[in-house]
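Hi,

Here is the structure I said I'd pass on. Have a look at it first, and then read my notes below.

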Amino acid sequence: MNSPLPLYHKVYLLLRQRLLDGVYQADQPLPGENALAQEYGVSRLTVRRALDALASDGLIARRQGRGTFAQAPSQLSAPQRGGTVDALMAHLARMGMSTQVKLLDLSTEAAPPAVAARLEVPPGAMVHRSVRVRSHQGEPFSYLRTYVPDAIGRRISRKALGSKPLLQIFGELGIRVSGAEQAISAVLADPAEAEALGVPVASALLNIRRLVRDAAGRPVEYLDARYRPDRFEYRLDMAAHETAGTPVWLPAGPGPAGPSA
């Protein structure tokens, strides 16, 4: 288990993955501390610290004199199902309204080259950058860096960013969103992200990068979002299709939907 993470946290991550994968069903007892210590080649104290972390996450329950039992995880899911762009935006808006947002930072700055390229503005052009954390049932699950062109950012107040989903703000400004392009990958949590999401530095996070365009095809938002994978998942419904006699997997329905930011 060579990695910069503390030993107990490695055990925590491995056990958490088992729990999220359904290896242990709800109310099923986990192996005892001695058995887990032997399996992972660590001390019983290390296992106990890992179990403490899992209990804090609500993934297990300690029952005096009976053992440790798996609990059903509370997790936001973003089902990617068939639908139009309008269905995608409606889904994003619903999730935005069902979660809580905290604005950590709002600034106007020269666009870094990568951001300028995505927003299709000259390098160094002024953009408005916000950093927000979204929570579900009081637990943080996403860390969001959002960039908008200066002409739009000047019309968005700090109060609005700290209380409304950006899609709602766009609607109030008369900006009609017509499409989005997004990519999904995995990243390691930097110190700021780790502190905001309550995870150790270098923990694995789901990374969703989204470019949103208005009805004229102009970029109006570039989002770089980091999600805790134990509190958020991204699902895609697929259907088998015959293409030139070869079966392939394609998204079910006429188009995709996606997660909230």
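One thing to start with: is R16 buried or exposed? Keep in mind that this is a predicted model. R16 sits in helix α1, and with a relative accessible area of 11% it comes out as buried, because the cut-off for that is under 20%. Leaving aside residues up to four places away in sequence, R16 touches L54, L59, P229 and D230.

Two packed helices are described by the angle between their axes and the distance between the axes. For α2 (residues 33-40) and α3 (residues 44-56), the axes come within 8 Å and cross at roughly 105 degrees. The two helices are therefore roughly perpendicular to each other. On the α2 side the contact is made by E33, N34, L36 and A37, and on the α3 side by R44, V47, R48 and L51. Sorted by type, the residues of this contact are four nonpolar, one polar and three charged.

Now α2 on its own. Its buried residues are E33, L36, A37 and Y40. Looking down the axis of α2, you'll find them within an arc of 100 degrees, so they line one face of the helix. What do the buried residues of α2 pack against? Their partners are α1 (7-20), α3 and β1 (60-63). N34 and Q38 are exposed, on the face of α2 turned away from its buried side.

In soluble globular proteins, nonpolar side chains tend to be buried together. The largest nonpolar core here has 17 residues, and L15, L19, L30, L51 and L54 are those with the most contacts inside it. α1, α2 and α3 are the elements that give two or more residues to this core. If you click on L19, you'll see that it touches Y24, L30, L54, L59, I60 and A70, again not counting residues up to four places away in sequence. Apart from this core lies another, of 13 residues, including V148, L166, I175 and V212.

Cheers

Note on methods:
Residues are numbered from 1 along each chain as its sequence is written. This is a predicted model: local features need pLDDT of at least 70, side-chain atom pairs count only at pLDDT 80 or more; totals for chains, interfaces and linings use all residues. Side-chain values use heavy atoms; hydrogens and water are left out. Axes are lines fitted to C-alpha atoms, for helices over the stretch in contact, and angles run from 0 to 180 degrees between N-to-C directions. Helices (H or I, at least four residues) and strands (E, at least two) are DSSP runs, numbered from the N terminus. Angles under 35 degrees count as roughly parallel, over 145 as roughly antiparallel, 65 to 115 as roughly perpendicular and the rest as oblique. Contact means heavy atoms within 4.5 Å. Ala, Val, Leu, Ile, Met, Phe, Trp, Tyr, Cys and Pro count as nonpolar, Asp, Glu, Lys and Arg as charged, and the others, Gly among them, as polar. Buried means under 20% relative accessible area, exposed over 50%, partly exposed in between (1.4 Å probe, protein chains only). The arc is that of the directions from the helix axis to the C-beta atoms. A nonpolar core is a set of buried Ala, Val, Leu, Ile, Met, Phe, Trp, Tyr and Cys residues joined through side-chain atoms within 4.5 Å.
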